[in-house]
Amino acid sequence: MIRIGRKLALFALLLAAIVGREAAAQSSPDVEATVSQSTIYTGERIEFNIEISGDFTNVTRPEIPEIPGFRLLSSTPSTSRSFNFINGRTSTSYTYTYYMVAEREGNFRIPAVPVTIDSKSYRTNTIDVRIVDRNTSANSPGASSRPEIFLRLEVDEQNPVPGQQLIADVVLYFRDNLEVNNYTPVPGWKAEGFWKEELANQGRARAESSILDGVRYRRASLLQFALFPTKSGELSISPYEIAVEVRSSSSRNDPFSSFFGGFGTNQRQVELRSDPVTLEVRELPSGGEHFSGAVGDFSFNRSASTREVMVGESIEIETTVSGTGNIPLLSKPEYPVPDGLEVYAPEENASISRNNRRISGTKIFTDVLVARSPGTYTIPETTLSYFHPSEDRYITRTLPAIPLTVRRNPDAVTPAPENGALSVQPVTGLANWSSPGSGSMIGTWWFWSGITLPLLLLAVGYWQKSYRERMSSDMNFARSVRAGEKAAARLEEAVTRAEEGAIKEAYHMLQKALTGFVGDRLGLPEAGLSNQQYLSALQEEEVNEELIQNMRLLLDKCATISYAPNTTSEYLKSHVELAKSTLEKLKKEL
């Protein structure tokens, strides 16, 4: 009996150990973290997977902490789930997949991620990864270390002067085994320290063959910009960023070739970022005594609508500047106007071309002069200079003097009779005498009208004169007054350009209408500011946040819309209507 009891006890202990081991196995699910690849280039996208397997009832979605060197695209993962039934036991498997983009080079460790399963806390394993800088590899001398695809910002001049036109090309390099399906610029490129103009792109970018260190690449110029430095010294053109959809045929021996661990043909998205470009902007040389601010190759002309007028009539003096260079930044050449001619605020009309990889065009400045006194006047000769970068010197041009004759208007004053006699006839006949009434003139309406009307007319005349003088002398005031009119004209031109099929030019005009209105109202510089600076100026004026959001939306659309393939004129008109509504509300707040 004793031996049987001992055997039963041993059997019970063995059974308890087996059951306890199974229970422990069932209560301890496996948690494992993996990545699709451990060595990647900057801008590449990888998968970070957390797999939970075992016998469990409930699992809480993992919260991913900040991972050094990476940017998490979304905190919401894609989820897959599977069930297995083996030898009478149920096994569950959850996989959470997160997508991350490598942002900076270095060796990094993905930390352990906490996971809650059936109210118990578990942690994943850590993973070591290496991020290789794409641009550093692209510029390295070894052909084998170059990436399959990279982006460069190529500038045609390294030592410009302020105001000189530079051409910056956004160039994509990629291997023959890659096919680029499309690309999307990342909005927000500011190019601080430069006035920026996007040049017209002639259809789809074309790839040409290029050899770099013995390796054949395809080179495609995606976008072109005209940049104008606004000051001298060392300036850095900020990196340009795009997102590219590429298709490739991967290789088992290439650690960078596959995103998702498969082989054969695959498609992926890559975020590319060019290196910043540093320029040494030299100062303009001395000797520009009559320098007008023009840098490029220009011609100047001045003409009058008429040379002979009568008092009260107007004369239009047109100054025309044509050529290639920083013509969007030019202001009206100044010249003195003789006394006796009243000057009204000038008008400005521009026709700018962004074709043929350059900014060129014509600006016409019109001064309206009103003759106030008869006599002979002369608009004096004016000397202007502009800097020619290719010749590295100032070129002087002279606007000729314009003589004007102002005659008295014969209809302004009724002439007296030639014989000098007064046209007065005596009154004959009986005289009727009457006694004056006891009423006083002070109580009559015509007495007070005779006093107040001249004073009122004098006040109106003084206000008109002050207004005109301020419009001609205070440029900020004149800009503020005409801000709404200029913006409305630009919006109409945007609609016209869109109806003609020039969608990119239409959105460029819409952007000028918005920023021009804010700049004119707040007295900001007419050029050289980024969209964010205009928005910051509105915030400083404590403008309604909804209006600021509308402006931000419209400016972002203007910055990115030219890359949308299916944009229509109707789509632009909806943005124009939003711009009109926003500007009407801004008029009341600025």
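Buried means under 20% relative accessible area, exposed over 50%, and partly exposed in between, with a 1.4 Å probe and protein chains only. This is a predicted model, in which local features need pLDDT of at least 70 and side-chain atom pairs count only at pLDDT 80 or more, while totals for chains, interfaces and linings use all residues. Residues are numbered from 1 along each chain as its sequence is written, and side-chain values use heavy atoms, without hydrogens and water.

The structure holds 25 salt bridges (a side-chain nitrogen of Lys or Arg within 4 Å of a carboxyl oxygen of Asp or Glu).

| Pair | N to O distance |
|---|---|
| Arginine 134, glutamate 44 | 2.9 Å |
| Glutamate 103, arginine 71 | 2.9 Å |
| Lysine 573, glutamate 499 | 3.3 Å |

Helices (H or I, at least four residues) and strands (E, at least two) are DSSP runs numbered from the N terminus. Arginine 134 lies in helix H2 (residues 134-139) and glutamate 44 in the loop between strands E2 (39-41) and E3 (45-54), so their bridge ties together parts 90 residues apart in sequence. Arginine 134 counts as buried at 3% relative accessibility, and glutamate 44 counts as buried at 4%. Glu44, Arg134, Glu148 and Arg268 are linked in a network of salt bridges.

Glutamate 103 is partly exposed at 45%, as is arginine 71 at 30%.

Lysine 573 in helix H8 (residues 569-589) and glutamate 499 in helix H4 (residues 475-499) are 74 residues apart. Lysine 573 is partly exposed, with a relative accessible area of 27%, whereas glutamate 499 is exposed at 52%.
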